[in-house]
Amino acid sequence: MIIVTGATGQLGRGIVEGLLRRLPASHIGVSVRNPEAAADLAALGVTVRRGDFADAASLRSAFEGVSRLLLISSNSSGADAVAHHRTAIEAARAAGAQRIVYTSQMGSSLTSPFGPMPDHAATEATLATCGVPFTSLRNGFYAASGLMLLGNALASGELLAPADGPVAWTAHADLAEVAAMALTGDELDGITRPLTARATVDLAGIAAVASEVSGKPIRRVVVSDEAFVAGLVARGVPEARAGFMIGMFGAMRNGAFAALDPTLERMLGRAPLSVHDVLKAKMAG
Ligand SMILES: NC(=O)c1ccc[n+]([C@@H]2O[C@H](COP(=O)([O-])OP(=O)(O)OC[C@H]3O[C@@H](n4cnc5c(N)ncnc54)[C@H](OP(=O)(O)O)[C@@H]3O)[C@@H](O)[C@H]2O)c1
């Protein structure tokens with residue numbers, strides 16, 4: 001049975017839907033913190049079990065009978081995230097998994113200023129030595145995250161943020177489709193090439209796309225890192241979260257998310273969705 005963790009989240013849900021298009025529901029299981037949130041999947045015949053990355057015993061029973069595991073990266077950060085992933089990898093190995101597919105991100109690096117990148121790099125090192133064949137999907141930066149950086153720009157007409165850099169924004173739907181392929185085929189092995197859409201777009205480009213889709217003028221305004229942090233903290237955002245954001249802009253400026261690669265397009269057999277497509281769909285729905 002292929003078991004998907006994080007199936008109550010956006011990417012994991014899309015991966016399960018991709019599996020359901022390829023396999024009978026009886027071949028699919030999910031490991032989720034709250035089984036009630038996956039009741040609709042249970043109704044389709046998907047096996048639903050409780051599994052929490054912070055509770056090794058729960059994973060041991062959630063992963064029983066696993067053939068391949070989709071390990072969604074935890075939305076914790078730092079040592080907690082790395083420990084969550086290590087616990088899940090060990091549980092998958094003990095349960096006899098023949099492949100672990102992990103959702104990493106392009107820009108994964110022990111020295112990145114953006115917190116999740118060292119977490120991914122540490123997890124990839126664990127995968128490389130765990131003794132189980134693995135696929136680490138180096139997902140492009142979610143287009144949905146890029147659109148979140150618009151903040152209230154649609155209302156204010158200004159996209160205020162620190163200096164940024166080009167980013168290969170990529171749609172959840174496309175990344176989910178390729179993850180389902182990685183779980184049902186053998187084409188992707190080890191650390192993948194970056195899985196990206198066709199073009200990079202910086203925040204000035206996101207402002208332009210949002211202007212075009214909304215019909216409202218939006219100006220990109222660059223503020224200093226310090227002014228940005230002060231603005232966030234004044235609005236009640238915890239300092240750690242503000243620091244996380246600054247790390248992200250630093251990694252963007254370093255070009256961590258700038259590479260373009262044809263692997264995603266080749267796997268999908270069509271052009272990946274662009275940030276423009278994602279914004280249009282969001283504003284329509
Ligand atoms: N590539 C990128 O640009 C990018 C951007 C942002 C995040 N990410 C990473 O990609 C992951 C998936 O993205 P997404 O959009 O699907 O995020 P999401 O909608 O927030 O889903 C995260 C999933 O992880 C599960 N989870 C969190 N902590 C867990 C734990 N301790 N044990 C078991 N499950 C746990 C959540 O379960 P619950 O439903 O129970 O909370 C949820 O199902 C994120 O978690 C993050 O690591 C990548």
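How do the residues of the shell around the ligand divide into nonpolar, polar and charged, and what are the counts? The shell holds 6 nonpolar, 15 polar and 2 charged residues, where Ala, Val, Leu, Ile, Met, Phe, Trp, Tyr, Cys and Pro count as nonpolar, Asp, Glu, Lys and Arg as charged, and the others, Gly among them, as polar. The model is predicted: local features need pLDDT of at least 70, side-chain atom pairs count only at pLDDT 80 or more, and totals for chains, interfaces and linings use all residues. Numbering starts from 1 along each chain as its sequence is written.

The ligand is surrounded by 23 residues, the closest being Thr8, Gly9, Leu11, Arg33 and Ser73; a residue is near a molecule if its C-beta atom, placed from the backbone, lies within 6 Å of it. Two or more residues of this shell come from each of helix H1 (10-20) and strand S5 (99-105). Helices (H or I, at least four residues) and strands (E, at least two) are DSSP runs, numbered from the N terminus. H1 gives the most to the shell, with 3 residues.

Two packed helices are described by the angle between their axes and the distance between the axes. Axes are lines fitted to C-alpha atoms, for helices over the stretch in contact, and angles run from 0 to 180 degrees between N-to-C directions. Helix H9 (residues 203-214) packs on helix H13 (residues 275-284) at an angle of about 40°, with the axes 10 Å apart. H9 and H13 are therefore oblique to each other, as angles under 35 degrees count as roughly parallel, over 145 as roughly antiparallel, 65 to 115 as roughly perpendicular and the rest as oblique. From H9, Ile206, Val209, Ala210, Val213 and Ser214 make the contact, and from H13, Val275, His276, Leu279, Lys280 and Met283; contact requires C-beta atoms, placed from the backbone, within 7 Å. By class, these residues are 7 nonpolar, 2 polar and 1 charged.

For helix H10 (residues 225-234) and helix H11 (residues 239-253), the axes come within 9 Å and cross at roughly 150°. Asp225, Val229, Leu232 and Val233 of H10 meet Glu239, Ala242, Met245, Ile246 and Phe249 of H11. This contact has 7 nonpolar, no polar and 2 charged residues.

Glu187 lies in the loop between helix H8 (172-184) and strand S8 (190-195). Glu187 counts as partly exposed because it has 13 C-beta neighbours inside 10 Å; 20 or more would be buried, 12 or fewer exposed, with partly exposed in between. Glu187 and Met267, 80 residues apart in sequence, are 9.0 Å apart in space, C-alpha to C-alpha.

Methods:
Two residues are in contact if their C-beta atoms, placed from the backbone, lie within 7 Å.
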